[in-house]
Amino acid sequence: MAFKAPKKCPCGNGLYRKCCGRFHPLFAGESVALPKNVELLMRSRYSAFSLGMADYLLETWHPSTRPSELDFSDSPQWMQLDIYNAEQSGDEGRVHFCAYFQFDGEVGEHEELSEFVREDGRWYYLKPIESLT
């Protein structure tokens with residue numbers, strides 16, 4: 001089944017093809033780019049969660065903390081991403097975000113301070129430093 005790209009980016013930062021789509025191999029193909037900072041990686045991962053792109057999420061998760069698989073069978077509908085702060089120093093970064101979702105007719109939120117690491121020029125999600133929800 002072919003991937004049907006949304007017009008608006010799920011992360012809320014513009015057109016999908018100009019925003020997170022350029023980082024997703026399912027959309028960009030061989031022209032795929034790498035996120036240059038932790039905020040772009042966070043946005044692209046949120047969009048991947050929203051679009052059910054398990055392969056991208058696993059590829060951008062650091063091998064030391066990456067699960068063997070992701071199951072989207074009872075995933076919520078992701079509605080909105082707010083990034084409160086994104087900072088990086090050298091090869092380490094942090095993002096404080098809140099992701100809003102709907103599940104079984106109820107609206108919820110997941111707020112987290114996440115840790116990222118860069119290896120060989122590529123950023124990876126490492127782990128939550130603190131779950132604030």
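Visitor: What does the UniProt annotation "domain: YchJ-like middle NTF2-like" cover?

Guide: Residues 39-127, according to an unreviewed UniProt entry. Keep in mind that what we're looking at is a predicted model. Over that stretch the chain is 21% helix and 51% strand, and its end C-alpha atoms sit 15 Å apart.

Visitor: What makes a set of residues here a nonpolar core?

Guide: The members have to be buried residues of the nonpolar kinds, joined through side-chain atoms within 4.5 Å. The largest such set has 24 residues, and Cys11, Tyr46 and Phe116 touch the most other members. Helices H2 (38-51) and H3 (54-59) each give two or more residues, as do strands S1 (77-89), S2 (92-103) and S4 (122-131). H2 has the largest share, with 5 residues.

Visitor: Which residues is Cys11 in contact with, leaving aside its neighbours within four places in sequence?

Guide: Cys19, Cys20, Arg43, Tyr46, Ser47 and Leu81. Contact means heavy atoms within 4.5 Å, so each of these has an atom that close to Cys11.

Visitor: Why do Met42 and Trp78 count as lining the largest pocket?

Guide: Lining residues need an atom within 4 Å of a pocket point, and Met42 and Trp78 are on that list, so they count. Other lining residues include Tyr46, Phe97, His110 and Glu112. The pocket's volume is about 210 Å³. H2, S2 and strand S3 (106-119) each give two or more residues to the lining, with the largest share, 4 residues, coming from H2.

Visitor: How many residues of each class are in that lining?

Guide: There are 8 nonpolar, 2 polar and 2 charged ones. Glu112 is in the lining, and Glu counts as charged, so Glu112 falls in the charged class.

Terms used
Residues numbered from 1 in each chain as written. Predicted model: local features only at pLDDT ≥ 70, side-chain atom pairs only at ≥ 80, totals over all residues. Heavy atoms only, no water. Buried < 20%, exposed > 50% of the residue type's maximum accessible area, 1.4 Å probe, protein only. UniProt positions renumbered as here; feature names shortened; annotations may be inferred. 1 Å grid on protein atoms, 1.4 Å probe; cavity = no way out; pocket = protein on both sides within 12 Å on 5 of 7 lines; lining within 4 Å. Points joined across faces, edges and corners; volume = space filled by probe spheres on them.
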